[in-house]
Amino acid sequence: MGSSMQTGLLLVLGTIVSFVGWFGFYPDDGSAGAVERAQAIMADPGNAKLGLLLGYGGMLAVFIGVLNITRSMAMAGGAGSFYANVATVLGMALVAGLVMNMGLEYGIAEATSAAGGVTLAGVSLAMEGAFQLAMGIVVLMLGVGIALDKNFHVGAAAIAVIAGFMLLVSNFVDADAIGFAGWIGFMLTSLVLGGLSIRAKSA
C-alpha cells in the first residue's frame with residue numbers, strides 16, 4: 001500500500017471515526033463551562049471514555065494524515081513549501097496537545113471528586129482555546145500551500161482557507177457557530193484531501 005493510499009485512509013477513516021466519537025458518544029457538546037463538562041463526563045464515564053477514544057483517536061489519525069501531506073510539500077520545495085513547513089511544525093505540536101488533552105479528559109471520567117473533575121475540565125478547556133487558535137493557523141497555511149503548489153484541486157484549498165479563517169476568528173468573537181462551522185470545514189477538508197489522495201493512488 002503506497003503512502004498516498006495510507007494518507008488518504010488516515011484522513012477519511014479518521015474523520016469518520018472522530019465524528020462518531022464526538023457526536024455519537026461524547027456527553028458534552030463543547031459549549032458549556034468547566035463545571036458542566038465535568039458533570040456530563042462524570043455522569044456517564046463509560047460513554048465518555050468511548051467518545052474520547054474514538055474522537056481523539058480519529059483526530060490523531062487525521063492530523064497524521066495532514067502532516068504526511070504538509071511534510072511532503074515542505075520537502076518538495078515548491079511555491080507553497082514555506083506555508084507547508086509552518087503547518088508541519090504547528091501540526092506536530094497539535095498532535096502532542098491532542099494526546100495531553102485526551103489524558104486530561106480521561107482523568108475527568110476517572111475523578112473521585114467533583115472538585116478534581118472540575119479542575120481537570122478547566123485545564124482541558126484552556127488547552128482547547130490554544131489548540132483551536134493553532135489549528136486555525138495550520139488549516140489556513142495548508143490551504144494557502146495547496147493553492148500555491150496546485151498539488152490538489154483548488155476547491156480543497158478554498159475549503160481549507162475558509163475553515164482555517166473561521167477557526168481563527170472564533171477565538172476572538174463570542175460566536176460558537178463560527179467555531180463549529182470551522183470544525184465542520186476542517187472535517188470536510190480532510191475528507192476531500194483523503195478522497196483525492198486515494199483516487200490519485202488508484203489512478
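These are my notebook entries on one predicted protein model, from the whole chain down to single residues.

**Entry 1, overall fold.** I began with the secondary structure and found seven helices and zero strands in the protein, so that, by the DSSP runs used here, the order read along the sequence is α-α-α-α-α-α-α.

I then looked up the extent of the C-alpha trace, which spans about 55 × 35 × 25 Å along the principal axes of the protein. For 203 residues a compact globule would have a radius of gyration near 17 Å, and because the protein has 17 Å, I noted that the value agrees with that expectation.

Of the 203 residues in the protein, 42% are buried. When I took the contacts between residues at least 6 apart in sequence, 76% of them turned out to join residues at least 24 apart. The accessible surface comes to about 9,400 Å², and carbon and sulfur atoms account for 71% of that surface.

Is Q39 buried or exposed? I placed Q39 in helix α2, residues 34-43, and wrote the residue down as exposed because its relative accessible area is 53%, where the cut-off for exposed is over 50%. The C-alpha atoms of Q39 and A121 are separated by 9.6 Å, although the two residues are 82 residues apart along the chain.

Which residues is S170 in contact with, leaving aside its neighbours within four places in sequence? I found S170 in the loop between α6 (154-169) and α7 (176-202), and the contacts I noted for S170 are Q132, I178 and G179. S170 has a relative accessible area of 12% and is therefore buried, since the cut-off for buried is under 20%. I also checked S170 against M100, which is 70 residues apart from S170 along the chain, and the C-alpha atoms of the pair are separated by 22 Å.

Notes
Residues numbered from 1 in each chain as written. Predicted model: local features only at pLDDT ≥ 70, side-chain atom pairs only at ≥ 80, totals over all residues. Heavy atoms only, no water. Helix = DSSP H or I, 4+ residues; strand = E, 2+ residues; numbered from the N terminus. Rg over C-alpha atoms; globule rule 2.2 N^0.38 Å. Buried < 20%, exposed > 50% of the residue type's maximum accessible area, 1.4 Å probe, protein only. Contact = heavy atoms within 4.5 Å. Areas by Shrake-Rupley, 256 points an atom, 1.4 Å probe, with all protein chains shown as cover.
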